[in-house]
Amino acid sequence: MQATNEPTAWRLTALLDDHFGSRVANTLVVRAPGRLNIIGEHTDYNAGYVLPAAIDRAVLLAGRAVPGRTISAYTKTFDQSDSWEPGTAKPEQRWMRYIAGVATALLDRGAALPGVELAITGDVPSGAGMSSSAALCVGAVILLAALADFSVEPLECVLIAQWVETDYVGVRVGIMDQYASRNGKEDNALLLDCRSQKHELVPLPSNLVLGLCDTRVRRALANSSYNERRRSCEEAVNLLRPHIGGLRTLRDVDPAWLTDLKLFLPETLYRRAHHVVTENVRTLECATALRHNDLAKAGALVHASHASLRDDYEVSCKELDAMAEAADAAPGCHGARMMGGGFGGCVIALLDESRWEEFVAATTDGYRDRIGKEAIIYRCRTTDGASQIHRA
């Protein structure tokens, strides 16, 4: 037996046995973290820059090979079971579609995937903007590939997980969430170039705390305006292409060019493009500020990001705005913004470690005063990316 994180692995193995019955079979346990994103929102699918980090909240999967071809799964999060066999229709349960999508992608690549019994749990809140679905996909790639004795390199793992979300489930996400979950590094953020699909490590200041302030408003990206925003970016590129040689995505647009070419875009498309173009600049500047321990500059850029997401990209909501305002006004906060696809979820705040308790109290009170709802505030630690933590 070779194992790490033995208590967690034992609990997952026990959950698998409780649901499917004990078997004499090798059991694998995989941990795949959720992610936060300091800055760089809606830039990933425009081949731009993002600044995410893997966090100490994760999806955990335990699985073992069994005879046949059926994949049977149980999720403790929803207390639901489902099964799927290759070649059949997509599962009815949305969470199971991510597992079936990963299996489909691996089979298409030639993996000899056996039947599988799988148990899933974790503490990444669904719909809060911490990328629980990306973590599930990344973890499933690692687990199912290991059960099939099939080698998958880190970037291929990321691309499979992204394909599952975009093509199998139907949400046209970029590469950031899956990349951060797979490649995160403790005490660092990743400055990811979504075009080259390469990253640089950005060490985070030791006195910086990353707080996630959950509005408790849930959203489903596939049922929101997320895909519409992506189409808007593509439409803007099509209209700008005759005026900018070699233009592929909004990543290629300089802010000064966009101002000069404003008359060629309808007002709404201009504002969508303006957010993406300026957000790329903010992301690069924020990475530099963090490297130089300039939290005031980093916080100001994060604050500006929220304004742009609210006004230009229009993916905020009253709860996100109220939470960002409450966090910004709280002691120790350098800057706060909505995080994730939008329309609900979390606000990320950059904080002084010494003011954590004051920040939590003030933000909770401020959100309640503005909205009349209770907030949930998580203190997040950056961690390494997804990995197998147990094999028995």
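A residue counts as buried when its relative accessible area is under 20%. Keep that cut-off in mind as we look around this predicted model. We'll start with one serine and its helix, then move on to a sheet.

**Ser-181 up close**
- Ser-181 has a relative accessible area of 1%, so it is buried.
- You'll find Ser-181 in helix α5.
- Leaving aside residues up to four places away in sequence, Ser-181 touches Ala-32, Pro-33, Ala-135, Val-138, Gly-385 and Ala-386.
- One of those neighbours, Pro-33, has its backbone oxygen 2.8 Å from a polar atom of the Ser-181 side chain.

**The helix around Ser-181**
- How many of the eight residues of α5 are buried? Eight of the eight are, so the helix (residues 176-183) is largely enclosed by the rest of the structure.
- The buried residues of α5 include Met-176, Tyr-179 and Ala-180, and also Asp-177 and Arg-182.

**A four-stranded sheet**
- Follow the order β11-β12-β10-β13 and you've traced an open sheet of four strands with antiparallel pairing.
- β11 (333-339) and β13 (376-380) are the edge strands with a single partner each, so one side of each has no neighbour in the sheet.
- From one strand to the next, the twist averages 25 degrees.
- Strands β10 (residues 208-214) and β12 (residues 346-352) run antiparallel and are joined by seven bridges.
- Cys-213 sits opposite Val-347, which belongs to β12.

**A helix on the sheet**
- Helix α10 (residues 318-329) packs on this sheet and touches β10, β11 and β12.
- The direction of α10 makes about 170 degrees with that of β11.

Definitions and conventions. Residues numbered from 1 in each chain as written. Predicted model: local features only at pLDDT ≥ 70, side-chain atom pairs only at ≥ 80, totals over all residues. Heavy atoms only, no water. Buried < 20%, exposed > 50% of the residue type's maximum accessible area, 1.4 Å probe, protein only. Helix = DSSP H or I, 4+ residues; strand = E, 2+ residues; numbered from the N terminus. Pairing = 2+ DSSP bridges. Axes fitted to C-alpha atoms, helices over the stretch in contact; angles between N-to-C directions. Contact = heavy atoms within 4.5 Å. Polar contact = N/O pair within 3.5 Å; in protein donor to acceptor, adjacent residues only side chain to side chain.
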